[in-house]
Amino acid sequence: MRKELGKWLMDIAKYLATAVLLSSVFTEQEEGIMYIIAFMAAVITLFTGLILVRDKKQKEG
């Protein structure tokens, strides 16, 4: 369950990044705050997804 949620969150991060890039290509508005907020949201969802996907069992030795 955790891994599926992590994969889903990583997909959301990709969709956010893609949406911002596409909107910047098709519109001529230069709102810097929109890019900052979208970047932060993508980073937060990406890291949360990576933490959930990470395997808890680590080899010792």
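1. Among contacts between residues at least 6 apart in sequence, 83% join residues at least 24 apart. Keep in mind as you read that this is a predicted model.

2. On the overall build: the protein has 2 helices and 0 strands. Its radius of gyration is 15 Å, well over the 10 Å that the globule rule gives for 61 residues, so the protein is more spread out than a compact globule. The C-alpha trace spans about 55 × 20 × 15 Å along its principal axes.

3. Now for the surface. The protein exposes about 5,400 Å², with carbon and sulfur atoms supplying 68% of that.

4. Have a look at T45, which sits in helix α2 (residues 32-53). T45 counts as buried because its relative accessibility is 16%, and the cut-off for buried is under 20%. Leaving aside residues up to four places away in sequence, T45 touches L9, M10, A13 and L16.

5. I37 is also in helix α2, but I37 counts as exposed because its relative accessible area is 54%, where exposed means over 50%. I37 belongs to a nonpolar surface patch together with I33, M34, I36, F39, M40 and I44; the patch has about 720 Å² of accessible area.

6. Over in helix α1 (residues 2-26) you'll find K14. Its side chain makes a polar contact of 3.1 Å with the side chain of D11. K14 and A41 are 27 residues apart in sequence, and their C-alpha atoms are 11 Å apart in space.

Technical notes:
Residues numbered from 1 in each chain as written. Predicted model: local features only at pLDDT ≥ 70, side-chain atom pairs only at ≥ 80, totals over all residues. Heavy atoms only, no water. Helix = DSSP H or I, 4+ residues; strand = E, 2+ residues; numbered from the N terminus. Polar contact = N/O pair within 3.5 Å; in protein donor to acceptor, adjacent residues only side chain to side chain. Buried < 20%, exposed > 50% of the residue type's maximum accessible area, 1.4 Å probe, protein only. Contact = heavy atoms within 4.5 Å. Patch = residues over 30% accessible without salt bridge, like charges linked within 9 Å, V, L, I, M, F, W, Y side chains within 5 Å. Areas by Shrake-Rupley, 256 points an atom, 1.4 Å probe, with all protein chains shown as cover. Salt bridge = Lys/Arg side-chain N within 4 Å of Asp/Glu carboxyl O. Rg over C-alpha atoms; globule rule 2.2 N^0.38 Å.
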